[in-house]
Amino acid sequence: MPVTVKTPDGASVEVDAGATAQQALQALGRIRGQVLAAKVDGAVRDLSTPLTDGATVEAVPADTDEGRQVLRHSVAHVLAQAVTDLWPAAKFAIGPPVTDGFYYDFDVAEPFTPDDLERIEARMREIVREGQPFARRELARDEALELFADQPYKAEIISGLDESEGAGTGAVSVYDNVRPDASVWPDLCRGPHVPTTKWIPAFKLERVAGAYWRGDERRPMLQRIYGTAWESRKALAAHLERQEQARQRDHRKLGRELDLLSFPDELGAGLAVWHPNGAAVRMQMEDYARAEHLRRGYRPVYTPHLGKSTLWEISGHLDFYAEAMYPPMEMDVHHGHAGVDYYPKPMNCPFHLLVYRSRTRSYRELPLRLFELGTVYRYERSGVLHGLLRSRGFTQDDSHLFCTPEQVVGEIRDCIAFTLDLYRDFGFADGPSRVALSTRPDKAATVGTHEGWAHAEASLREALDASGLDWIVDEGEGAFYGPKIDMHVTDAIGRAWQLTTIQVDFNMPERFGLTYAGADGSEHRPIMIHRALFGSLDRFFGILLEHYAGAFPTWLAPVQVVVVPVADRHAGYGGEVVSALRVAGLRAELDDSDDSMGAKIRRHQLAKVPYQLIVGDTEARARTVAVRPRAGDQRKDVPLDEVVAGLSEEVAARRAGT
């Protein structure tokens, strides 16, 4: 008996009973280009999935995010098969797709070497050429445990499956790679996968790293092989070029080369020291933040770097965030009596709540917008630390807004407008590339009432709709105390970065007992908005450094102008030029070193200084300069006053392209 299948856009067709998703797509005329999988009733499945009457089917092309996930997951299986072919005693753990690639973890006697990666990649190419099918089968838990009896990591995963994942109903899924001799290489997996290994067009193994099993430092250290896979050789080549650009732009590399910052071993992992050049850029960011917040009606506050355990108990951080906090320091021990635990702060919000609560508040004071450049400390695992982008100590442009229910949507809209202005001023003129509303996670991992969460989410939705921005929903990605808006920007080489967070919180004001006297004379509970536009100054600095490849726009550059005398006798006039620039508020230096003029110019080019002003006999007599910009045409005989005025105007306008 035929069955009817349809597509989300309403097209339908009858196919034979037992038809697969691939056959249905072909009947619908929806196979265009390479299609790696299908969405069946909204879930990505193998093309070989049999269909039931009334099913909806949608193609998953290779050049989509979902298609690439399927491709990369399939290549991860090929990687694991190749490793176990070459190292039969190897134990294999997990191998998921990740952003732009995949990895697989192995327990082997000796760490993999670069030569080993070449051998593995060669074996993978043999497997691809063999066109091994990916064949799905389902086993009972006992059968699966027997199949993977010599693979302890797979056995642990199977043993940990619960009824909701099918383990108790005979639904542990396994994919077999079927070799040419009909033997199989099995892997525990939910799928989906490409039909055969021949459908894998382009991949490359990249590196090896250590990784603890399940991210637990008490568990075995495994060898993690990273790779990437793409829908074509052209797409792979483009990715590798982006990677090379990213390596050249790495903020840790540029931080050393440009003398901006460093990460001394003696200081500890995840902590940086800022050198004068880096501090100069950071100071501009801080000055911008302070000035803009004051202009928009925010009130500055300062708070300590640590607080008693009582504070974190009230806020809920010790219940929901303790793993990310540094361990406590026991203080105030007297005569054998237990002392008091103090924690370095992972968040600024509890301190701002205390500022609000310090006296009685009236509705006439609201909205009250508190602002702080507050440094926080979070204990990130060493394996995830990455320079300024993932660190253990960083400073947030942290604000907490206290308002009435009627003011919430307007305040969120103002936060969004502030964010868009900030992105433009720092060189992301296109605004956010992704805007997401993150909703309530698993209720067991959150605080607050259903009504509070619903009201908060509704407020964020209304503000987003009014903003005119395109936005999506990230289900379950909210913080433990409230839903939030997350914004991403895309940098000069196409990488997306999560920056701004705006969160609505009905819970914290209740936990801290905040109130205000309303117009009716009775007490009311304020609503709190958490908001960080940079995210953190440290991380935003790292992103800017990579975005500009170290060539900061003039208004941000640590040294904006270097004056280069042609000879020693011109140093006096050069000093006058520097003085004129500094009086105008510009960051200028005189290079009166013994190097040749050519060597000086080359050095400042490598340091990415926006402008070099060359002065010699002609310039000294006429009180002019020769202007050598980092980008653009050189100009001679430019009056000094004109240069000072032009640079001052450029800095004031915060032009991003110079």
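Predicted model: local features only at pLDDT ≥ 70, side-chain atom pairs only at ≥ 80, totals over all residues.
Both phenylalanine 541 and phenylalanine 552 are buried. A pair of aromatic rings is described by the distance of the centres and the angle of the planes. Now place the two residues on the chain. Phenylalanine 541 belongs to helix α15, residues 537-547. Phenylalanine 552 lies in the loop between α15 and β29 (561-565). Eleven residues separate the two, and the pair links distant parts of the chain.

The whole structure holds 21 aromatic pairs. Some rings gather in a group. Trp87, Phe92, Tyr104, Phe106, Phe112 and Trp185 make up one aromatic cluster. One of these residues, Trp87, is also touched by arginine 119. That arginine is in helix α3, residues 114-130. Leu86 is another contact of arginine 119, leaving aside residues up to four places away in sequence. Its C-alpha atom is separated by 9.1 Å from that of valine 83. Along the chain, arginine 119 and valine 83 are 36 residues apart. Is arginine 119 buried, exposed or partly exposed? Its relative accessibility is 43%, so arginine 119 counts as partly exposed.

Rings also meet charges. The charged end of arginine 72 sits over the ring of tryptophan 230, at 4.4 Å from the ring centre. Arginine 296 does likewise with phenylalanine 418: its charged end is over the ring, 4.0 Å from the centre.

Turn next to the salt bridges themselves. Side chains of opposite charge can pair when their charged atoms come close. A search of the whole structure finds 46 salt bridges. Take arginine 359 and glutamate 365. Their closest N and O atoms are 2.8 Å apart. Arginine 359 has 46% relative accessibility, so it counts as partly exposed. Glutamate 365, at 26%, also counts as partly exposed.

Other salt bridges involve buried residues. Lysine 484 and aspartate 486 meet at 3.5 Å, N to O. Both of these residues are buried. Arginine 495 pairs with aspartate 491, with 2.8 Å between the closest N and O atoms. Aspartate 491 has 6% relative accessibility and therefore counts as buried.

Now follow the strands. Strands of a sheet pair through backbone hydrogen bonds, either parallel or antiparallel. Eight strands here form an open sheet with mixed pairing. Their order is β16-β20-β21-β28-β25-β24-β22-β23. Which strands are at the edges? They are β16 (299-300) and β23 (472-474), and each pairs on one side only. Proline 300 has phenylalanine 371 in β20 as its bridge partner.

Helices pack against this sheet. Helix α8, residues 276-295, touches β16, β20, β21 (393-403) and β28 (527-532). Its direction makes about 160° with that of β20. Helix α11, residues 349-357, lies across β20, β21 and β28. It runs at about 35° to β21.

Helix α8 also contains glutamate 286. With a relative accessible area of 16%, glutamate 286 is buried, because the limit for buried is under 20%. Leaving aside residues up to four places away in sequence, glutamate 286 touches Leu373 and Leu537.

Strand β17, residues 306-308, runs antiparallel to β19, and three bridges join them. Here lysine 308 has tyrosine 342 in β19 as its bridge partner. Strand β18, residues 329-331, also pairs with β19 in the antiparallel sense, over three bridges. In this pairing, glutamate 330 stands opposite aspartate 341 in β19.

Conventions:
Residues numbered from 1 in each chain as written. Heavy atoms only, no water. Phe/Tyr/Trp six-rings, centres within 6.5 Å; stacked < 30°, edge-to-face > 60°. Helix = DSSP H or I, 4+ residues; strand = E, 2+ residues; numbered from the N terminus. Buried < 20%, exposed > 50% of the residue type's maximum accessible area, 1.4 Å probe, protein only. Lys NZ or Arg CZ within 6 Å of the ring centre and 35° of its normal. Salt bridge = Lys/Arg side-chain N within 4 Å of Asp/Glu carboxyl O. Pairing = 2+ DSSP bridges. Contact = heavy atoms within 4.5 Å. Axes fitted to C-alpha atoms, helices over the stretch in contact; angles between N-to-C directions.
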